[in-house]
Amino acid sequence: MTAALFSRGKGRRAATAACAVSLGLVALSACDKPTPLATVTVGSQTVTAEASDGCYGDGKDLSSAKFKACLSAKPEETIKVTPGDKVRIGVDPEIAKSSWGLIANNPVMAEASKETYRSFDSDTLFAQQNPQTGQTTLEKKVTITIAELGKSSRGVKGIWRFTLKRDS
C-alpha cells in the first residue's frame, strides 16, 4: 500500500513538472525577442533602453516610413545633465558591429563608430545653432537619437532615443 501511494505521488510530480514546462514554453513564445540595448550615463546615473516598438529591424533596414515614425517617437528614458558633465553613450556589441551614429540638435559624430562606448561633452549636445545668425545657444532639453546604421549608405537598422534635461 505504501508503494502505491509513493508511485501516485511521483505521477503527480511528473504531471506538475510537465505542466510547468508547457506553460513556460507558451509564455516564451508569446514574448518578443528583446532588441539590443543602448545606455546613457551621466555621473553615477544610468538609463538603458531597448529600441522603441517597431524601431528595430532585426538585422534589416527600417523602411523610410518606419524610420520617420521612429524619429518622432517620444523617448521613454530621461536623464538630468549638469553643465560641464560628460555624457557617456554605450551600445550593445551587436550595434557596434554594424556601426552607429548619434544625433542631438545637430549631428554630433563626424563619422560612424564601431566602438561600444563613446563620451561627449554635454555642452556640445545641448548646443543649438541658429542657421540665420550663426549664434549658438544652449537648450534646456534635447532628445538624442542613437541610430544603428544599415547595409545601404542611407539605411538604418534601429533607433534608440533618450531625453537629456539640463540641470542648472
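What percentage of the 168 residues in the chain is buried? Buried residues, those under 20% relative accessible area (1.4 Å probe, protein chains only), make up 33% of the chain. This is a predicted model, in which local features need pLDDT of at least 70 and side-chain atom pairs count only at pLDDT 80 or more, while totals for chains, interfaces and linings use all residues. Residues are numbered from 1 along each chain as its sequence is written, and side-chain values use heavy atoms, with hydrogens and water left out.

**Overall fold**
- The chain contains 4 helices and 10 strands, taken as DSSP runs (H or I, at least four residues; E, at least two) and numbered from the N terminus.
- Along the sequence, these elements follow the pattern α-β-β-α-β-β-α-β-β-α-β-β-β-β.
- Of the contacts (heavy atoms within 4.5 Å) with a separation of 6 or more, 62% join residues 24 or more positions apart.

**Thr163**
- Thr163 is placed in strand β10 (residues 156–166).
- Thr163 counts as buried because its relative accessibility is 8%.
- Leaving aside residues up to four places away in sequence, Thr163 touches Pro75, Glu77, Thr78, Ile79, Lys141, Val142 and Thr143.

**Lys74**
- Lys74 is located in the loop between α2 (64–72) and β3 (77–81).
- With 71% relative accessibility, Lys74 counts as exposed, a class that requires over 50%.
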